[in-house]
Amino acid sequence: MKKALPAAFGLLLTVLGVVWALQGLGYIGGSSMSGKQIWAIIGPVVAAFGISLLYVTFRGPQKR
């Protein structure tokens with residue numbers, strides 16, 4: 001149960017980041033975000049944060 005919330009949040013951030021990047025690049029239209037360069041920059045940053053959250057959530061135990 002401890003991993004469910006961070007995993008869901010990481011997955012949500014990853015999907016949102018990819019959608020925002022595609023909108024910013026103009027591949028997904030019909031939005032005020034479509035074709036705006038700022039979303040082509042923000043999207044990958046958000047997606048990278050989501051992927052890193054997923055990595056931290058699912059990595060094995062740390063050895064000290």
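Mentor: Start with the word helix. A helix here is a DSSP run of H or I with at least four residues, numbered from the N terminus. Leucine 12 lies in such a run, helix 1. Keep in mind that this is a predicted model.

Trainee: How many helices and strands does the protein chain have?

Mentor: Two helices and zero strands.

Trainee: How do you know that the span of helix 1 agrees with its number of residues?

Mentor: The expected span is 1.5 Å times one less than the number of residues. Helix 1 covers residues 4-25, which is 22 residues, so it should span 32 Å. Its end C-alpha atoms are 32 Å apart, and therefore the two agree. Glycine 26 follows helix 1, with a positive phi near 90 degrees.

Trainee: Why is leucine 12 called partly exposed?

Mentor: Buried means under 20% relative accessible area, and exposed means over 50%. Leucine 12 has 45%, so it counts as partly exposed.

Trainee: What makes the nonpolar patch on the surface?

Mentor: Phe9, Leu12, Leu16 and Phe49 form it. Together they have about 380 Å² of accessible area. Patch members need over 30% relative accessible area. Leucine 12, at 45%, passes that cut-off. Helix 1 gives the largest share of the patch, three residues.

Trainee: Why is glycine 17 called buried?

Mentor: The cut-off is under 20%. Glycine 17 has a relative accessible area of 0%, so it is buried. This glycine is also in helix 1.

Trainee: What does glycine 17 touch beyond four places away in sequence?

Mentor: Gly43, Pro44, Val46 and Ala47. For contact, heavy atoms must be within 4.5 Å. As for alanine 48, its C-alpha atom is 7.9 Å from that of glycine 17, though the two residues are 31 apart along the chain.

Trainee: Which other residues of helix 1 are buried, and what covers them?

Mentor: Among them are Ala7, Gly10, Leu13 and Thr14. The cover includes helix 2, residues 37-58.

Trainee: How does the protein chain compare with a compact globule?

Mentor: A compact globule of 64 residues would have a radius of gyration near 11 Å, but this chain has 14 Å. The C-alpha trace spans about 45 × 25 × 15 Å along its principal axes. Buried residues make up 23% of the chain.

Trainee: What share of contacts join residues at least 24 apart?

Mentor: The share is 52%, counted among contacts between residues at least 6 apart in sequence.

How values were computed
Residues are numbered from 1 along each chain as its sequence is written. This is a predicted model: local features need pLDDT of at least 70, side-chain atom pairs count only at pLDDT 80 or more; totals for chains, interfaces and linings use all residues. Side-chain values use heavy atoms; hydrogens and water are left out. Buried means under 20% relative accessible area, exposed over 50%, partly exposed in between (1.4 Å probe, protein chains only). The radius of gyration is taken over C-alpha atoms; the globule rule is 2.2 Å times the number of residues to the power 0.38. Patches are made of residues with over 30% relative accessible area and no salt bridge: like charges are joined within 9 Å, nonpolar side chains (Val, Leu, Ile, Met, Phe, Trp, Tyr) within 5 Å. Accessible areas come from the Shrake-Rupley method with a 1.4 Å probe; for residues, only the protein chains shown count as cover. A salt bridge is a side-chain nitrogen of Lys or Arg within 4 Å of a carboxyl oxygen of Asp or Glu.
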